[in-house]
Amino acid sequence: PDERQVPPPTYIDVEASRRIIAMGDVHGDIGAARAALRLAGVIDGQDNWFGGEDYVVQVGDQLDRGNDEKAILQWFAQLAQQAFDAGGGFFALNGNHETMNVSLDFRYVTAGGWIDFGDTPIPANDPDLADVPDSHRGRTVAFRPGGPFARQLAKQNTVMVIGKNVFVHGGVLPAHFGQGLRRINADVSAWMLGEGPKPYAISGEDSLVWSRHFSSDTGAEECALLEQSLELAGADRMIVAHTVQSPGINSVCGDRVWRVDVGLATYYGGPTQVLEIIGDTARVLSAGP
């Protein structure tokens, strides 16, 4: 297409030779995000897109635990357009921390995170803000459904299938296909825009953004669920985040699910790693020794 579709399509068919990079949670640390994207070779020294026709998927959780959230959201939006213009793609997904903020669950916000959104225009005499402390009103207005940064998050998908790869923050379970992944993405965006209720598919431990079925204590039962989901999606593998992996990116269920949350952010102090996928091959790229 001549113009970038916003939000992106849920399903994108790509040739097997397409290079795809998956990056885990960045949690308000733009330095960690920068290091990971430079490791992948998709940004230049001025933080502009340098990846050509490569695709990058940041698998959710841009927000909370760090002070660079606004800068990250703005930068990722710029990269999305730059990558599209170059024939590639940059896709940031919504994770549980994005949906928490739109739900006004701010328990993991840092002091800097309140300050950073303090310049958001505050409506006069808004009854919904009557019990909100002055220092918290800017962020509240920014992220509540229909707010300017909730509307920014509404431009992101919650799940994507690119080629033979399913990307999601928590996990896609067979039950999610009853509603359909396209419909789930549309309903999440509508909620963030203030145009619909919060979807069930992003609430609870069996939801797309909270599931740990494939990222923690994954056994035979979970691998069987994974196989069902992959068959329904027409995919070969799933890439998830949400649960910090130690010592780094790894796979289970016969390499059918890859876990890419390595705790990139300073809050966790994890290694700089990304997952590179080309066709049937997935390999971990690591910075340093």
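1. Leaving aside neighbours within four places in sequence, phenylalanine 167 is in contact with Ile20, Ala22, Val57, Val59, Leu93, Thr158, Val159, Met160, Ile162, Ile239 and Ile277. Contact here means heavy atoms within 4.5 Å. This is a predicted model, where local features need pLDDT of at least 70 and side-chain atom pairs count only at pLDDT 80 or more, while totals for chains, interfaces and linings use all residues. Residues are numbered from 1 along each chain as its sequence is written, and side-chain values use heavy atoms, with hydrogens and water left out.

2. Next, the core around that residue. Phe167 is among the residues with the most contacts inside the largest nonpolar core, along with Leu37, Val59, Phe76, Phe90, Ile162 and Ile239. That core has 43 residues. A nonpolar core is a set of buried Ala, Val, Leu, Ile, Met, Phe, Trp, Tyr and Cys residues joined through side-chain atoms within 4.5 Å. Buried means under 20% relative accessible area, exposed means over 50%, and partly exposed lies in between (1.4 Å probe, protein chains only). In soluble globular proteins, nonpolar side chains tend to be buried together.

3. Which elements build this core? At least two residues each come from β2, α1, β3 (55-58), α2, β4, β5 (159-162) and β10 (273-278). α1 gives the most, with six residues. Helices (H or I, at least four residues) and strands (E, at least two) are DSSP runs, numbered from the N terminus.

4. Now the largest pocket. Its volume is about 440 Å³. On a 1 Å grid over the protein atoms alone, a pocket is an open set of points with protein on both sides within 12 Å along at least five of seven lines, and lining residues have an atom within 4 Å of a point. Grid points are joined across faces, edges and corners, and the volume is the space filled by probe spheres set on the points.

5. What lines the pocket? There are 22 lining residues, and the closest to the pocket centre are Arg4, Gln5, Pro8, Phe90 and Phe91. The largest share, five residues, comes from α2. By class, the lining has 14 nonpolar, six polar and two charged residues. Ala, Val, Leu, Ile, Met, Phe, Trp, Tyr, Cys and Pro count as nonpolar, Asp, Glu, Lys and Arg as charged, and the others, Gly among them, as polar.

6. The structure holds one disulfide. Cysteine 223 and cysteine 253 form it, with sulfur atoms 2.0 Å apart; the cut-off for a disulfide is a pair of cysteine sulfur atoms within 2.5 Å. The link is left-handed, with -85 degrees about the S-S bond. Cysteine 223 lies in helix α9 (residues 220-233) and cysteine 253 in the loop between β8 (250-252) and β9 (257-259), so the pair ties together parts that are 30 residues apart in sequence. Cysteine 253 counts as buried, at 16% relative accessibility.

7. Check two peptide bonds. The bond from valine 6 to proline 7 is cis, with omega near -10 degrees. Proline 7 sits in the segment before β1 (11-12). Serine 246 and proline 247 are also joined by a cis peptide bond, with omega about 10 degrees. Proline 247 is in the loop between β7 (237-240) and β8.

8. Serine 189 touches one of these prolines. Its contacts, leaving aside neighbours within four places in sequence, are Pro7, Ala154 and Gln156. Serine 189 is in helix α8 (residues 181-192) and counts as buried at 8% relative accessibility.

9. Two residues other than glycine deserve a look for positive phi. Histidine 27 has phi near 40 degrees. Histidine 27 is in the loop between β2 (19-23) and α1 (30-40), and is buried at 3% relative accessibility. Aspartate 255 has phi near 65 degrees. Aspartate 255 is in the loop between β8 and β9, and is partly exposed, with a relative accessible area of 44%.

10. Last, threonine 120. This residue lies in the loop between α4 (111-116) and α5 (134-143). Threonine 120 is buried, with a relative accessible area of 7%. Not counting residues up to four places away in sequence, threonine 120 touches Gly138, Val141, Ala142 and Pro148. Threonine 120 and valine 141 are 21 residues apart in sequence and 7.0 Å apart in space, C-alpha to C-alpha.

Technical notes. On a 1 Å grid over the protein atoms alone, a cavity is a set of points where a 1.4 Å probe fits but cannot get out, and a pocket is an open set with protein on both sides within 12 Å along at least five of seven lines; lining residues have an atom within 4 Å of a point.
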